[in-house]
Amino acid sequence: MTDKQAWERARLIPVSGITGPDEQERRGVSALLAVINSVREFGRAITAPLGAPAGIPLAYIEVPFTSGEKKLRPDGVLQVKRGATLWTVLIEVKTGANELKAAQVESYLDVAREQGFNAVLTISNQLAGAPGEHPLTVDKRKLRKVSLHHLSWSQIRTEALVEQGNRAVSDPDQAWILAEFIRYLEHPRSGAAEFEDMGASWVAVREAARGGTLQPADKGGIDVVRRYEQLMSFAAMRLSRELGVDVRPALSRGEMKDPDRRLHAAAAALAETGILSGGLRVPNAAAPIEVTADLRASRIRCSMTVDAPNTGRATTRLNWLLRQLRDSKDHVCIEATAVRQHGKGAVRTLAELRETPKLAIDDSARELRAFTVSLSANAGTKRGKARGSFVTSILETVENFYADVVQHIKPWTPPPVKVRDDEPQLVEIQDVPQQASAADARTGNIRDLVQTSPPE
């Protein structure tokens with residue numbers, strides 16, 4: 001009898017027959033466009049951020065174009081039709097370790113402009129440092145009439161998992177199609193890889209940071225800073241999959257507006273302090289999560305700073321936080337900050353504060369302003385994603401911190417105003433002149449003015 005364990009199940013999107021990058025790209029873009037076309041909710045989640053209207057999608061692969069003397073064949077074309085409007089995007093796809101090329105993308109921007117198309121979308125395993133950014137630098141003049149967008153395969157998989165986890169796909173057949181697409185992306189042969197490497201410069205930069213010899217302008221340092229930003233983006237995607245919400249890197253408007261300045265500032269900070277810094281913003285969390293990696297000390301620290309209640313004694317305010325962390329692990333740390341305090345306050349573990357809360361309060365007479373809750377762990381040293389690697393230690397620490405701390409903390413809100421119980425008592429008046437003056441009534445000493453007939 002034949003051993004059925006050797007049989008390969010028939011799949012909607014098979015991985016069998018993939019022999020190289022070209023086949024990975026063709027099958028990947030075809031599968032993605034087919035699922036966008038078939039699963040309404042997923043298709044809208046992918047196309048809406050690109051500027052597409054809500055309408056009927058039309059998808060094609062390997063459509064030939066001519067631009068001047070060049071013959072070009074983008075991996076895919078996606079159109080969305082709504083009434084008389086036809087929105088069109090050209091798609092360029094890379095899989096595995098293959099990276100996008102600026103010259104090729106610029107050629108597709110030229111085609112899109114000449115054809116009157118709306119956008120060019122690139123898809124690869126490269127991650128951008130922040131939402132809306134592109135991993136390539138292209139001629140900005142080519143973006144005057146055509147927009148350029150980028151999606152990593154990790155982002156696409158994250159969106160599919162969020163739609164699946166939230167049960168956002170109402171049709172059961174469409175939900176099954178989406179599940180098959182997720183299964184395909186998770187297979188190693190698909191070429192849709194996750195972030196798993198700090199880059200070739202990692203070891204040299206780590207050692208230079210430890211020895212204090214790293215310079216702000218070192219290309220290796222800038223590369224590591226860029227990789228750390230990508231790691232923060234990937235950590236946000238991982239949390240999004242777990243929570244079913246859109247977690248994003250925590251960046252200010254200024255940082256989003258000028259990525260180059262942000263990158264060089266981070267590289268200068270790394271050279272000066274040996275610290276890589278980033279953050280995550282989770283919807284409805286009490287505060288952003290700060291994630292720092294001290295390469296000199298080989299330590300990772302996740303923290304969040306929440307405002308203290310603005311009423312009550314110092315111990316009362318601290319107890320408000322301790323009650324919320326009753327189930328958190330003993331090695332979680334708390335630092336209390338007072339109004340007009342200069343410098344750091346005492347940092348104590350939950351184990352210490354559960355026994356003696358006053359240890360966190362340097363001066364009980366000073367008003368507490370905020371609490372910083374943190375969790376530290378050893379930083380891995382390896383550049384890849386294996387056990388004991390830097391990437392794995394960051395991802396695990398972020399997820400442990402969210403589970404142990406962030407999800408339990410709610411911002412303080414003042415209690416509702418209570419009904420006052422000191423209202424003046426009703427005074428019974430036997431004889432009140434009918435001509436009582438308005439001034440008497442306005443004094444508020446008599447609630448009801450009882451009018452009686454004047455005595456005979």
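## Aromatic pairs

The structure holds 5 aromatic pairs. Rings of Phe, Tyr and Trp (its six-membered ring) pair if their centres lie within 6.5 Å; planes under 30 degrees apart are stacked, over 60 edge-to-face, and the rest tilted. F65 and F117 form an edge-to-face pair, because their ring centres are 5.9 Å apart and their planes stand at 80 degrees. This pair links distant parts of the chain, 52 residues apart. F65 sits in strand β2 (residues 65-67), while F117 sits in the loop between α3 (102-115) and β6 (119-124). Both F65 and F117 are buried. Buried means under 20% relative accessible area, exposed over 50%, and partly exposed in between (1.4 Å probe, protein chains only).

W202, Y228 and F390 form one aromatic cluster.

## The model and its overall form

This is a predicted model: local features need pLDDT of at least 70, side-chain atom pairs count only at pLDDT 80 or more, and totals for chains, interfaces and linings use all residues. Residues are numbered from 1 along each chain as its sequence is written, and side-chain values use heavy atoms, with hydrogens and water left out.

The protein chain has 13 helices and 14 strands. Helices (H or I, at least four residues) and strands (E, at least two) are DSSP runs, numbered from the N terminus. The C-alpha trace spans about 115 × 65 × 65 Å along its principal axes. The radius of gyration of the protein chain is 31 Å, whereas a compact globule of 456 residues would have one near 23 Å. That radius is taken over C-alpha atoms, and the globule rule is 2.2 Å times the number of residues to the power 0.38. Of the 456 residues, 44% are buried.

## The largest pocket

The largest pocket has a volume of about 1400 Å³. On a 1 Å grid over the protein atoms alone, a pocket is an open set of points where a 1.4 Å probe fits, with protein on both sides within 12 Å along at least five of seven lines; lining residues have an atom within 4 Å of a point. Grid points are joined across faces, edges and corners, and a volume is the space filled by probe spheres set on the points.

The lining has 40 residues, and L127, H134, P135, L136 and R226 lie nearest the centre. It divides into 15 nonpolar, 10 polar and 15 charged residues. Here Ala, Val, Leu, Ile, Met, Phe, Trp, Tyr, Cys and Pro count as nonpolar, Asp, Glu, Lys and Arg as charged, and the others, Gly among them, as polar. β7 (147-152), α7 (219-243), α8 (253-257) and α9 (259-273) each supply at least two lining residues. α7 gives the most, with 5 residues.

## The second largest pocket

The second largest pocket has a volume of about 760 Å³. Its lining has 30 residues; P131, L151, Q155, D246 and R248 lie nearest the centre. The division is 16 nonpolar, 10 polar and 4 charged.

α2 (40-47), β7, α4 (153-165), α7 and β8 (248-249) each supply at least two residues of this lining. The largest share, 6 residues, comes from β7.

## Cysteines

The structure holds 0 disulfides. A disulfide is a pair of cysteine sulfur atoms within 2.5 Å. The sulfur of C302 has its closest cysteine sulfur in C333, 13 Å away, too far for a bond. C302 counts as buried because its relative accessibility is 0%. C333 is also buried, with a relative accessible area of 19%.
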